[in-house]
Amino acid sequence: MKQIVLASYAKGNPRPSDFRVEEVPIPTAGEREILLRTLWLAVDPLFRFAIDEVRLSGALHLQLGDVMVGATVSEVIASNHPDYKPGDVVEGRTGWREYAVVAPDQADYRGPPRKLDPSLAPVSTALGVLGMPGQTAHGGIETLRIKPGETVAISAAAGAVGSIAGQIAKIHGARAVGIAGGAGKVQALLDLGFDGAADYKAPDFAAQLKAAAPNGIDCYFDNTGGDVTLEVFKQLNRGSRMAMCGYIAYYGMGYEGPGPDHMPALYRTIMGTGLEIRGFAGFMAGQKALDDIAGWISDGKLTYPEAVVEGIEAAPQAFASVFSGHDFVGKLLVKVAEPA
Ligand SMILES: NC(=O)c1ccc[n+]([C@@H]2O[C@H](COP(=O)([O-])OP(=O)(O)OC[C@H]3O[C@@H](n4cnc5c(N)ncnc54)[C@H](OP(=O)(O)O)[C@@H]3O)[C@@H](O)[C@H]2O)c1
């Protein structure tokens, strides 16, 4: 079987050459263990933290040669555990490998592999809209305490979290304004039902954002930090709220970026607008978030774009492209195998 391991620590944006494909024997399930065959693998920006040479506080940290961490949907091939049987489909975090052995009794705080019901939704959604990214979108929108009619801006709006967050903001009665890179993504956001959208890579980004949010921005769902957020700060209304979901623009920078120091802009904005900023962990939104989202999908209020690349060898390039730029909209998935 193939697995993908860390070949070198990432410096700045990850590159495909930071990873190496290895051929190893398929493992065997021991007592109270299960053998899983990977069907789908997610590339999540979060795991950039795991491949820094210096361990960041609290972050998962890989050694060179370790299998790259990642969320997966897998099929149970063999089971020595009473709660799982061959043919079950589960979601877990088994990493970038074609097969994995898991001991459900030794699960961490995320719990044992989550059993999926393929009759309810395509199993790939467990890595996107009906999984952690969907919970994150839901949890961030709850954090914002949106009032109907307010304008909510969302950065990285064409990504897995942002594309769902904008639609949930609309369900709460807000005007949703997405920010993404490129005219194609701007059009895709409008097609998803966003009320306005702006291309942060365009020279007239500030004017585009102003046109999309003519009454200013009341709530900001921030996935990026960086220059996008500095521009949003200039267009915030008094009493605004910000849900700090992620800061992908800084993921390759360790604790301190190379500068310039933008803290003065942050302090001016907080004083000038009364901005409230709250960070949050998406998975804490729990099952309630997934139930709400499933209901909105079945009511036709929410759609979930997915982009698929084929084969486990595609994972390093897909992961790198999240940081260097790509044209995909929604949750980016690697299809590893068909179910047996
Ligand atoms: N708080 C939580 O619990 C939690 C949970 C999941 C994810 N997150 C965070 O939420 C954010 C979005 O995650 P996701 O799963 O939606 O990711 P995703 O689907 O991979 O989308 C990420 C997008 O970010 C944009 N981007 C990359 N570098 C950028 C930069 N320097 N400036 C502006 N935009 C940039 C790119 O889109 P463009 O083409 O538009 O540039 C990229 O496609 C990430 O920061 C992630 O770490 C947080």
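Axes are lines fitted to C-alpha atoms, for helices over the stretch in contact, and angles run from 0 to 180 degrees between N-to-C directions. Helices (H or I, at least four residues) and strands (E, at least two) are DSSP runs, numbered from the N terminus. The model is predicted: local features need pLDDT of at least 70, side-chain atom pairs count only at pLDDT 80 or more, and totals for chains, interfaces and linings use all residues. Residues are numbered from 1 along each chain as its sequence is written, and side-chain values use heavy atoms, with hydrogens and water left out.

Two helix pairs were examined. Helix 4 (residues 205-212) packs with helix 5 (residues 226-234) at an angle of about 50°. Their axes lie 11 Å apart. Helix 4 and helix 5 are therefore oblique to each other; angles under 35 degrees count as roughly parallel, over 145 as roughly antiparallel, 65 to 115 as roughly perpendicular and the rest as oblique. The crossing is right-handed, a term used if the near helix is turned clockwise from the far one by less than a right angle, with left-handed used if anticlockwise. In helix 4, F205, A206 and L209 make the contact (heavy atoms within 4.5 Å) with V228, E231 and V232 in helix 5. Five residues of this contact are nonpolar, none is polar and one is charged. Here Ala, Val, Leu, Ile, Met, Phe, Trp, Tyr, Cys and Pro count as nonpolar, Asp, Glu, Lys and Arg as charged, and the others, Gly among them, as polar.

The axes of helix 1 (residues 132-144) and helix 2 (residues 160-171) come within 8 Å and cross at roughly 45°. Helix 1 and helix 2 are therefore also oblique to each other. Helix 1 passes helix 2 in a right-handed crossing. From helix 1, the residues P133, T136, A137, H138 and I141 take part. They meet A160, V161, I164, A165, I168 and A169 in helix 2. The residues of this contact comprise nine nonpolar, two polar and no charged.

An open sheet of six strands has the order 10-9-8-11-12-13, with parallel pairing. Two strands pair if DSSP finds at least two bridges between them. Strand 10 (196-199) and strand 13 (276-279) each have a single partner strand and stand at the edges, so one side of each is left without a neighbour in the sheet. From one strand to the next, the twist averages 15°. Strand 12 (236-244) and strand 13 are joined in the parallel sense by four bridges. Within this pair, M242 has I277 of strand 13 as its bridge partner. Helix 5 packs on the sheet, where it touches strand 9, strand 11 and strand 12. The direction of helix 5 makes about 165° with that of strand 11. Helix 6 (263-273) lies across strand 12 and strand 13, running at about 125° to strand 12.

Seven of the nine residues of helix 5 are buried, so this helix is largely enclosed by the rest of the structure. Buried means under 20% relative accessible area, exposed over 50%, and partly exposed in between (1.4 Å probe, protein chains only). The buried residues of helix 5 are G226, V228, T229, L230, E231, V232 and F233. Their cover includes strand 9 (175-180), helix 4, strand 11 (217-222), strand 12 and helix 6.

T151 lies in strand 8 (residues 151-154). T151 is buried, with a relative accessible area of 4%. Residues up to four places away in sequence aside, T151 touches R175, V177, A213, G216, I217, D218 and C219.

Strand 3 (residues 34-42) has nine of its nine residues buried, so it is largely enclosed by the rest of the structure. Strand 3 runs antiparallel to strand 4 (residues 72-79), with seven bridges between them. In strand 4, S79 is the bridge partner of I34. Four bridges join strand 3 to strand 6 (residues 99-102), again antiparallel. There, L35 has V101 as its bridge partner. Strand 15 (residues 331-335) pairs with strand 3 in the antiparallel sense over three bridges. L41 has V334 of strand 15 as its bridge partner.

I26 sits in the loop between strand 2 (19-23) and strand 3. I26 is partly exposed, with a relative accessible area of 44%. I26 touches M1, L35 and Y99, not counting residues up to four places away in sequence. I26 and V101 are 75 residues apart in sequence, with a C-alpha to C-alpha distance of 9.2 Å.
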